[in-house]
Amino acid sequence: MISGGPTFPRALAIPLACLLLLLGDGGARAQDCLDYSEQAIKIGTLTGAYPEFTRIAVMDSGLLVGIADDSTLTVCSLDTPASPRILGMFSLGRRYSEMVCAGEHVYLGGYGTAGIRIIRVSPDGAFSDYGSFNEQHTTTCFDADGSLLGMSLGDAWQLWECSNPSNPMLMAHVADRNSFGAISLDGDRAVVVDDAVGLRIYDITDHQHPVFLGGGSEGLSYVDPNMYYESASIMSVVISGDVVCMAKRYCIGSGLFTSCWHWLSILDVSDP
């Protein structure tokens with residue numbers, strides 16, 4: 001969580017997004033982690049009356065958007081990095097724990113919420129609420145690329161075409177495994193975490209018929225989970241071209257004596 005409300009100009013939001021990736025947020029892109037690895041220097045702070053952001057993202061328009069525990073969606077201009085300013089605040093009426101952006105659209109979901117909600121944010125900071133869809137499901141794992149939205153439902157994952165946000169269309173429902181977690185889309189590829197065997201990479205050139213390309217053994221392993229256990233799990237994943245970034249967690253111990261470590265793995269998936 002980012003508490004206290006500070007936000008950052010566009011060039012600094014990317015390293016922060018990579019940090020959020022380590023903490024389980026799926027909004028950062030793999031290439032962003034590679035392109036902006038230089039040391040960040042603070043050049044601006046948002047001051048005044050602002051919410052305590054729990055998720056932030058930079059839209060294609062360059063606007064910074066953030067959601068907060070007070071159920072608001074806030075839009076900030078970064079035109080002058082030394083003096084970022086709030087353009088508008090929109091009351092969502094409920095809390096959302098997860099957010100991704102693509103084009104002019106913000107997609108919201110998470111624990112305790114049904115389906116995915118779409119909000120359009122125009123370059124001038126105006127809001128248009130298209131409501132929620134797929135409300136029979138709750139998901140904390142989703143990603144958007146262009147007008148395509150991918151969401152993991154646990155026992156399956158889906159692709160939705162959202163070019164008409166008033167009426168998103170289900171393109172594919174993939175249930176060839178038992179347990180799906182984090183998901184990321186980029187161009188004609190999707191990568192989904194399978195909690196049993198690790199990554200699964202799909203060709204989504206044909207949105208209605210994803211094709212499994214391959215995967216890796218980066219998944220979960222347990223030893224006597226009732227007493228003593230060790231586990232290595234993928235918390236978040238992003239794909240950009242032939243690069244996949246994975247935020248992983250390794251835990252060992254039991255109860256109060258459990259210790260966990262987090263690290264970031266970067267994979268070349270040019271040959272999945």
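Q: pLDDT is the predictor's confidence in each residue, from 0 to 100. What does pLDDT do over residues 218-230?

A: pLDDT stays under 50 over residues 218-230. The model still has 35 contacts there beyond four places in sequence; a contact means heavy atoms within 4.5 Å. Residues 1-40 also stay under 50, with 86 such contacts. Where pLDDT is low, the predicted coordinates should not be read in detail.

Q: How do you know which residues and atoms count?

A: This is a predicted model, so local features need pLDDT of at least 70 and side-chain atom pairs count only at pLDDT 80 or more, while totals for chains, interfaces and linings use all residues. Residues are numbered from 1 along each chain as its sequence is written, and side-chain values use heavy atoms, with hydrogens and water left out.

Q: What is the mean pLDDT of the protein chain, and which elements have the lowest and highest?

A: The mean is 75, and 71% of the residues reach 70 or more. Helix α1 (residues 10-22) has the lowest mean pLDDT among the elements, 38. Strand β12 (residues 169-174) has the highest, 95.

Q: How many helices and strands does the protein chain have, and what makes a run count as one?

A: The chain has two helices and 19 strands.

Q: Why is G115 called buried?

A: Buried means under 20% relative accessible area, exposed over 50%, and partly exposed in between (1.4 Å probe, protein chains only). G115 has 3% relative accessibility, so G115 counts as buried. Its place is the loop between β6 (105-109) and β7 (116-121). Beyond four places in sequence, G115 touches L108, G109, F133, N134, E135 and H137.

Q: What makes the phi of N134 stand out?

A: N134 has a positive phi of about 55°, although it is not a glycine. Most residues other than glycine have a negative phi. N134 sits in the loop between β8 and β9 (141-145). Its relative accessibility is 8%, so N134 counts as buried.

Q: Is D242 buried, exposed or partly exposed, and how do you know?

A: D242 has 38% relative accessibility, so it counts as partly exposed. D242 lies in the loop between β17 (229-240) and β18 (243-253). D242 and V269 are 27 residues apart in sequence, yet their C-alpha atoms are 5.0 Å apart. V269 is also one of the residues that D242 touches beyond four places in sequence, along with R189, L267, D268 and S270.

Q: Why is the pair of F90 and F127 called stacked?

A: Rings of Phe, Tyr and Trp (its six-membered ring) pair if their centres lie within 6.5 Å. Planes under 30 degrees apart are stacked, over 60 edge-to-face, and the rest tilted. F90 and F127 are 5.3 Å apart, centre to centre, with 25° between the planes, so the pair is stacked. F90 lies in strand β4 (residues 85-91) and F127 in strand β8 (residues 127-133), so the pair ties together parts 37 residues apart in sequence. F90 is partly exposed at 21% relative accessible area, and F127 is partly exposed at 22%.

Q: How many aromatic pairs are there, and which residues do ring pairs link into a cluster?

A: The count comes to four aromatic pairs. W157, Y202 and F212 are linked into a cluster.

Q: How do you know that R200 lies over the face of F212?

A: The rule asks for NZ of Lys or CZ of Arg within 6 Å of the ring centre and within 35 degrees of the ring normal. R200 is 3.9 Å from the ring centre of F212 and lies over its face.

Q: What makes a set of residues a nonpolar core, and which has the most residues?

A: A nonpolar core is a set of buried Ala, Val, Leu, Ile, Met, Phe, Trp, Tyr and Cys residues joined through side-chain atoms within 4.5 Å. The largest has 15 residues; V65, L73, M99, V106, L108 and V121 have the most contacts inside it. β2 (64-68), β3 (72-77), β5 (98-102), β6 and β7 each give two or more residues to this core. A second, separate core of 13 residues includes V100, A102, A144 and C162.

Note on methods
Helix = DSSP H or I, 4+ residues; strand = E, 2+ residues; numbered from the N terminus.
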